Amino acid sequence: MSSITIAIGLEVHAQITSLRSKLFCGCPSDYRDRPPNANVCPVCLGLPGSLPVFNRRALEKAVAVALALNCEISDKLSFVRKHYFYPDMPKNYQVSQYDRYGLTPLAVGGSLTVEVDGSRRTVRIRRINIEEDTGRIVYPERSILGSRYALVDYNRAGIALLEIVTEPDLRSPREARVFLEKLGSVLEHLEVTDTSLEGALRADANVSIAGGARVEIKNIGSPKELEKALSYEISRQLSIIKSGGTVERETRHWVKEKGITVASRAKELEGEYRYFPDPDLPPIPVGRDLIERIARSLPELPDSRARRIAKEYEIGDYMASVLVLHKRLCDHFEASSRACGSPKLIASLLVNELLRWVDEAGMDIATGVSRLSTDRLCKLVRYLDSGLISVKLLKEYVRLAVLEDTDPEELVFRGMTAIREAEELERVVEEVFRENPKAVEDALKDPRAVNFLVGQVMKKTGKRADPKLVNEIIRRRLFEHGSR
Ligand SMILES: [Zn+2]
């Protein structure tokens, strides 16, 4: 398997959620939780005679992203019409950008480096475009199967999107996930996209194995789903290859609910889109002064932030590299470390515990962070320092805070403390001693026989006890026993 080359490329669509209005009209860009078709006007409904007006703030945001990804920026922004017929697109064309016939994308040729399991990979960025989002098709039965009709909501039609396309440089589903997380973090740091919003960061992935046909997977809504979709698709392709078949070039759809990819409509060929420059939107010059002004005001970005926090809080490069993948998590780490001290402990609780439970519960990081708040983290640091809870209990406290929103104080009140834990263990050890007098005699003569007693206690406690503590209690009891 390691000798087979897997090549993955991504086409990421990020909404510019920080804009107040849509890309070419004054309709509000905040469409979530709005009644269907409430944020619409003649422009974004594509009514005859309406004319688009470009939202210049979108250009500023796009330039910031291009600079952050070290891209070369074009001296003009030229829009094309990409034609295809689909009910979610009221004009029957999408305003986008194109890289042929003398037209150029906004930016080309950048890169973003990711680190996975200690090895770094630089992923080339092929292009960055500005384009408009489509509306949404809503199925009353939640899926296309089983619905007798479909509804269309144009609130999303015309929302500003960045299309960020990579070269096929990624080599595993895990790398693809970390890349999308890091790209999301760059967009968060630049205040371009709030990635916690449903549908704000989406990806299409193309994957080919050992130079075979390229399969495109559409409709992936998050980094975690991306990893799942690619893992599924790669094993699907590998089993075709193993059984002597040939992988066909096609477009597939990720069905999140079932965890599979399915073949979808044949994709239009490039020529069928009938791209042509949009006559309503003449090219907009992108001045050097604009680029320089934005370059000067760029905020701290994930890579330099990782270097700074690794040094400032002495948490090591690995912890820092994971924390900066999520701006919210990293902000939380810095605020909590300043408030409660113990940055190493806090980094480890956030990276090893919080992320694990958030992932397992399919929760967003914002919710996890609000449940394991700075106030709660400070309590945990205090409890551990004072010996009120053990490391094992600490982890349990984090789990309950994240999954059940339980305050650590409440758990102390319920008696879930090291003292109670020790009392409970003393009782179990006493029981084991009573039931195994022969083993106790053996252990008094041969220290290696202690392990049997430890094993018995672990068995009785369902392996939940802290082995170190069990060992201590048994040795102390043996000592008392022997000196009797
Ligand atoms: Zn509108």
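**Calls made on a predicted model**

Visitor: Where does the second largest pocket lie, and what makes you say so?
Guide: Its lining takes residues from both domain 2 (300–413) and domain 3 (418–482), so the pocket lies between them. The bounds come from an automatic or database domain assignment. The model is predicted: local features need pLDDT of at least 70, side-chain atom pairs count only at pLDDT 80 or more, and totals for chains, interfaces and linings use all residues. Residues are numbered from 1 along each chain as its sequence is written, and side-chain values use heavy atoms, without hydrogens and water.

Visitor: What lines the second largest pocket?
Guide: Its lining has 20 residues, and K392, L393, E421, R464 and A465 lie nearest the centre. The elements that give two or more residues are α8 (343–361), α11 (391–404) and α13 (418–435). The volume is about 560 Å³. A pocket is an open set of points on a 1 Å grid, with protein on both sides within 12 Å along at least five of seven lines; lining residues have an atom within 4 Å of a point.

Visitor: How does that lining divide by class?
Guide: Into 11 charged, six nonpolar and three polar residues. Asp, Glu, Lys and Arg count as charged.

Visitor: Which domains does the assignment give?
Guide: Domain 1 (6–294), domain 2 (300–413) and domain 3 (418–482). The centres of domain 1 and domain 3, taken over C-alpha atoms, are 60 Å apart. The C-alpha atoms of the protein fill a box of roughly 100 × 55 × 45 Å along the principal axes.

Visitor: Why is the zinc site given the geometry it has?
Guide: The four donor atoms subtend angles of 102 to 114°, so the arrangement is tetrahedral. For four donors, that name requires all angles to lie between 85 and 135 degrees.

Visitor: Which atoms coordinate the zinc ion?
Guide: The SG atoms of C25, C27, C41 and C44, at 2.3 to 2.4 Å. Donors are N, O and S atoms within 2.8 Å of the metal. The spacing in sequence is C-x1-C-x13-C-x2-C. C25 and C44 are 19 residues apart, each in the loop between β1 (6–15) and α1 (56–68).

Visitor: Is C25 buried or exposed, and how do you know?
Guide: C25 has 12% relative accessibility, so it counts as buried. Buried means under 20%, exposed over 50%, and partly exposed in between, with a 1.4 Å probe. C44, at 6%, is buried too. Buried residues make up 49% of the 484 residues in the protein.

Visitor: What else does C44 line?
Guide: The largest cavity, whose lining also includes M89, Y93, E132 and G158. That cavity holds about 70 Å³.

Visitor: What makes D33 stand out in its backbone?
Guide: Phi of D33 is near 65°, a positive value in a residue other than glycine. Most residues other than glycine have a negative phi. D33 sits in the loop between β1 and α1. Its relative accessible area is 83%, so D33 is exposed.

Visitor: What is the phi of S342, and how accessible is that residue?
Guide: S342 has a positive phi of about 50° and is not a glycine. At 29% relative accessibility, S342 counts as partly exposed. S342 lies in the loop between α7 (327–340) and α8.

Visitor: Why is L301 put in its accessibility class?
Guide: At 18% relative accessibility, L301 counts as buried. L301 is in the loop between α4 (288–296) and α5 (302–312). The C-alpha atoms of L301 and V186 are separated by 6.3 Å, although the residues are 115 apart along the chain.

Terms used: 1 Å grid on protein atoms, 1.4 Å probe; cavity = no way out; pocket = protein on both sides within 12 Å on 5 of 7 lines; lining within 4 Å. Points joined across faces, edges and corners; volume = space filled by probe spheres on them. Donors = N, O, S within 2.8 Å, 3.2 Å for Na, K, Ca; no water. Tetrahedral: all angles 85-135°; square planar, octahedral: opposite > 155°, others 65-115°. Helix = DSSP H or I, 4+ residues; strand = E, 2+ residues; numbered from the N terminus.
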